[in-house]
Number of protein chains: 2
Amino acid sequence: MVDINPTRPRRDSYTVETLLAVTVKVFNERGYDGTSMEDLSRAAGISKSSIYHHVRGKEELLNLAVGRALDSLFGILDEPAAAAGPAAARLEHVVRRTTEVLIAELPYVTLLLRVRGNTSAEQWALRRRREFDHHVAELLAAAVRSGELRADVDPRLATRLIFGMINSLVEWYRPEGDDKGADAEQIADAVVELSLSGLRVPRD
Amino acid sequence: MVDINPTRPRRDSYTVETLLAVTVKVFNERGYDGTSMEDLSRAAGISKSSIYHHVRGKEELLNLAVGRALDSLFGILDEPAAAAGPAAARLEHVVRRTTEVLIAELPYVTLLLRVRGNTSAEQWALRRRREFDHHVAELLAAAVRSGELRADVDPRLATRLIFGMINSLVEWYRPEGDDKGADAEQIADAVVELSLSGLRVPRD
C-alpha cells in the first residue's frame, strides 16, 4: 500500500517494532520520566489511542525497549565462543561482542544505560544490567584464577573499567559521524586490545 | 565565632568556596538547566540576596565550579613528569594524574562531564574540556610516532576509550562506598595498567 502522506504515518503503518524505534529516541532525548504518552503520540504522529492499540502504556514500551538491549547482551553469553574454552578467550569474545551489540543496538543500549529511578520497570532493567556485569566479572575472575590474566588488578575494578570504556561509546560514537574508518569492528578491536594487551609495544 | 544554629548557616559563614560546594551538589542532582537561584538559596539555607553578595548569578557559579575542575586538569599538563621525557612516560603520568584529579575533585569533574547546552558558560566548558582531551590525544600520537606505543590502534580512538574508562568513575565511584580497598591509588594503577599494559599475563 502506498502511503500518501509519509510525514504523518498511518496508524496501520505502525508495528510494535517501528513504534519502539520512535519511543526509544524520545526516551533518550527527554528521559523516561520526562516523557508523556502525549509526547510519544506527537513524535509518532498517531493518536494516543492508536498507541494503546499496540501496548498497555509507557512502562510496557520501556520494558520492550530495554528488553531488546538485554536480550542481545545476554544472547552473547550463550554463544559457543563465550560458553566454552579457556576463560580469557571467552572473556575476549564477550568484550568484543558486547562492543558490537552496543553499536548495533545503540539507541536501545543507550536507554538501558541511562535508566535510573524507582518504577518497577526501571528497577528490573537495573537488576538485569547488573546481572550481566556480574557474569562478565565472574569470567574475568576465572581467567585470573587460571593464570591467564594478571592477579594484581582487582577483577571487579577491571570489569568496571572495561565497561566504562565500552559504555562510553553511547556518549561519543555516532554511526554517521565524521569518524572515518572507526567502524564497529575497528572499535571492538581497540577495546579488546586496550583491555587485554595494552597500548605499549611489547618488549622482545 | 560559634555558629549557634549549624543547620541554618549564617550568611557570613559562607565563602565563595563553601557556596560552590553546595551549588555543585545541586547542579549535579538537578542539572544546571533545571536549577534556579531559588533552589540554590534553599539548599544553602541563605537568601538569594546573600548569594548575590558573593556572585553575580548562576552562570558565574557554573564558571567557578567547572573552572576549578579545568584548572586541576590543565595543571597536570604543567607538571614536570608531563612536560618532559619520553612521550609514553608523559602519557602514563597524565593518565594516572587525570584519574587522581577526577577522584579528588569528583563533584566538580562530574559537573564538567555532564555539561551540555547552549549558554556561553556551558559552551566554554565544553571547548576547554575538548582542548584537554586534544592535548592527551597529541601525547598518545607522539608516543605512537616514537615507536613506544602500538601503531595499530588509532590514537584518537584510544584516547576516547581511555577517557571512557577514567570518566566512568563519576558513575560508579563513591568515596565512602563499600569498595573496600579501591582507593584513588589502586584505581589510578588499574587504569594505567589496563590502558598501557593490558590484563593479559605477559608471555616470557
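**Entry 1: chain A**

I began with contacts in chain A between residues at least 6 apart in sequence: 67% of them join residues at least 24 apart. I noted that this is a predicted model. Next I looked up the secondary structure of chain A and found eleven helices and zero strands. Read from the N terminus, the elements run α-α-α-α-α-α-α-α-α-α-α. I checked burial too: of the 204 residues of chain A, 37% count as buried. The C-alpha atoms of chain A fill a box of roughly 65 × 40 × 30 Å along the principal axes.

**Entry 2: where the chains touch**

I then turned to the contact between the chains. It takes 29 residues from chain B and 29 residues from chain A. Which elements give two or more residues on the chain B side? I found helix H9 (155-167) and helix H11 (184-197) of chain B. H11(B) gives the most, with eight residues. I sorted the residues of this side of chain B into 16 nonpolar, seven polar and six charged.

**Entry 3: a helix pair in chain B**

Last, I looked at helix H1 (residues 16-30) and helix H2 (residues 37-44) of chain B. They pack at an angle of about 125 degrees, with their axes 10 Å apart. H1(B) and H2(B) are therefore oblique to each other. I recorded the crossing of H1(B) past H2(B) as right-handed. From H1(B), the contact uses Leu19(B), Val22(B), Thr23(B), Val26(B) and Arg30(B). From H2(B) come Asp39(B), Leu40(B), Ala43(B) and Ala44(B). I counted six nonpolar residues, one polar and two charged in this contact of H1(B) with H2(B).

Technical notes. Residues are numbered from 1 along each chain as its sequence is written. Chains are lettered from A and ligands numbered from 1 in the order in which they are written. This is a predicted model: local features need pLDDT of at least 70, side-chain atom pairs count only at pLDDT 80 or more; totals for chains, interfaces and linings use all residues. Two residues are in contact if their C-beta atoms, placed from the backbone, lie within 7 Å. Helices (H or I, at least four residues) and strands (E, at least two) are DSSP runs, numbered from the N terminus. Ala, Val, Leu, Ile, Met, Phe, Trp, Tyr, Cys and Pro count as nonpolar, Asp, Glu, Lys and Arg as charged, and the others, Gly among them, as polar. Axes are lines fitted to C-alpha atoms, for helices over the stretch in contact, and angles run from 0 to 180 degrees between N-to-C directions. Angles under 35 degrees count as roughly parallel, over 145 as roughly antiparallel, 65 to 115 as roughly perpendicular and the rest as oblique. A crossing is left-handed if the near helix is turned anticlockwise from the far one by less than a right angle, and right-handed if clockwise. A residue is buried if 20 or more other C-beta atoms lie within 10 Å of its own, exposed if 12 or fewer, and partly exposed in between; C-beta atoms are placed from the backbone.
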